[in-house]
Amino acid sequence: MQGEFGETLALRNPVALLESSPIFSGLDRETLVAIGAALDWIAVPGGATLFEAGETSDALYLVISGCLGAYAGDTLLARIPAGETVGEMGMLSGRARSATVRAIRDSDVARLPREVFDRTIASNPVALLRLAQLLVGRLDGRERLDERVVPRTYTLIPRDAATGIDEFAAGFAAELAKRGSVELVRSEHGAEHTSAWFHRVESANRFVVYVGDPGPSTWTKLCLRQADAVLLVARAAAPPGPFALRAATNAPHELAARAELVLLHEARIEPGTGARWRTQLPGAPHHHVRGQDDIARLARLLTGHSVGLVMSGGGARGFAHIGVVRAFREAGVPIDLIGGTSIGAIMGAGVAAGWSTAEMIERFRRTFVSTNPLNDYTLPFVSLVAGQKVSRLLRQEFGDISIEDLVLPFYAVSANLTTGHGSVHRQGELWRWLRASVAIPGVLPPVFHGGDVHVDGGAINNLPVDVMRRSNTGVIVGIDVGADETFTTDAAEPEVPSLWNLPAWIRHQRRRPGILRILWRAGMINSDAATAAGRQQADLVMHPPLAHIDLLAWKSFDQAIEIGYRHANEQLAQLDAVTLARLGIG
């Protein structure tokens, strides 16, 4: 593994490398020169191991180029990109390595032996302080989170020669170019070059896009070893088939962990496409591309410039989500992914399906205003309402589309009464999981699936920002319509009178919540703490003033939309230039 870098070695400046290090920056030049002279330069090919868990902590490593990964078994714990260090925890504690570190892609590192590290720390309190600050930051999770590492090098692998990879590559590079310099490298440009050439290209550009071959050629293998992220590109209409990942790399599991599927469509997304192709790369994100707008969204998602909306439950107040979406669209804010609970999931599904604002208003007015979705009462063995009407209305508007076939990445949250935890639904029949997400305990029947019992997600997590935060590196906007300040009464009574006394009891004009409202509120009350946490995790929170609108006031449809619209416009007008830029406007 000891490198013979030739031309690459001449490109390295040990003092400049150390000056950019979070540990050694600020030390005097004489000390930096001495440390630099002690560095060993090592090339680590993609998939190769730098050190194993349990080994003696005998050196600190500085990543010069490429990207390393810290692993517990086969689980990727964190990425260590160029400019960062690895191994400092063991050096400071004196303990054995706590994780295995392997090269995610071809990488160059500088090794600093323990004796030089110890001598430097002992004689330079500044370095010790910086190291302590670095470790504290990493321990509390504020730095070097795997999810926050933005890929700089992308490898595109076409499924076959008919994929049309060149057109997609050009469009993808054009979108990346909006955020920095880009080099598009094909086999005719890079196949004969040395590692020094690749190093110069990557050092000179913010992004590099490598276009591989359909099969496991030497060029494809080289591209995969250079990649921070891998995009597997296929024509959606073609029969699904495997990509040559296993044959093209010695570490297929590590490669799959950073691979995403891109499906190219001629026009509309054909039903079933997403589910068919996802079998080729289970668990990996997939993206539908119909044109340049979708490529732009893909680039935002991959580079941490996306905008995600998380929509809360709240009954009829949920129509305010439509108003917020309308305001965002008019302001030019891109909406790249959606998640939600209860009615927020239903409203969000309309956005994820690509409906216009006018279409959302038309469809949801038909579903919630022209008819009462909760009036098919039944004997209350399981619930007050049969639920058949809600199921029929959801299928009427969304059809049999699967979540995998929505234009935007989407998830709905339900509460799993069997496990006692929330369930996140990213695949399967859309209408069914929307129905589960709105199954208010005691009001609507649960959805039974695979032996589990699913009810309204608001019972556990009414503003599921945490779900989106796990995978989205861009801006997350939480839209909270669930506050219920109106749930009060002026009655003072411990019980309901007997049947023959009910008429007189009813004639007393007391403000008493009905059984539907009681069950609704009781089902959501345990998620108040989760909602507060969701607001904290969001980058921006929209909280329209909806307390005067009753949870079941379906006729307040237009009023709730208008309130959401006005509130969003007011909030956008108050944002500073930095936040507006993060939202893609201004």
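**Close-up views of a predicted model**

**View 1. Arg 278 is found in helix α13, which spans residues 273–278.** Helices (DSSP runs of H or I, at least four residues) are numbered from the N terminus. This is a predicted model, in which local features need pLDDT of at least 70, side-chain atom pairs count only at pLDDT 80 or more, and totals for chains, interfaces and linings use all residues. Residues are numbered from 1 along each chain as its sequence is written, and side-chain values use heavy atoms, with hydrogens and water left out.

**View 2. Arg 278 is buried yet has no salt bridge.** Buried means under 20% relative accessible area, calculated with a 1.4 Å probe on protein chains only. A salt bridge requires a side-chain nitrogen of Lys or Arg within 4 Å of a carboxyl oxygen of Asp or Glu. The nearest side chain of opposite charge, that of Glu 404, is 4.6 Å away.

**View 3. The surroundings of Arg 278 include Ala 284 and His 286.** A polar atom of the Arg 278 side chain lies 3.4 Å from the backbone oxygen of Ala 284. The side chains of Arg 278 and His 286 make a polar contact at 3.5 Å. Leaving aside neighbours within four places in sequence, the residues in contact (heavy atoms within 4.5 Å) with Arg 278 also include Leu 261 and Gln 427.

**View 4. Helix α16 (residues 343–352) packs with helix α17 (residues 357–368) at an angle of about 145 degrees.** The axes of α16 and α17 are 10 Å apart. Ile 343, Ile 346, Met 347, Gly 350 and Val 351 of α16 meet Met 360, Phe 364 and Phe 368 of α17.

Terms used: Helix = DSSP H or I, 4+ residues; strand = E, 2+ residues; numbered from the N terminus. Buried < 20%, exposed > 50% of the residue type's maximum accessible area, 1.4 Å probe, protein only. Lys, Arg positive; Asp, Glu negative; His and termini not counted. Polar contact = N/O pair within 3.5 Å; in protein donor to acceptor, adjacent residues only side chain to side chain. Axes fitted to C-alpha atoms, helices over the stretch in contact; angles between N-to-C directions.
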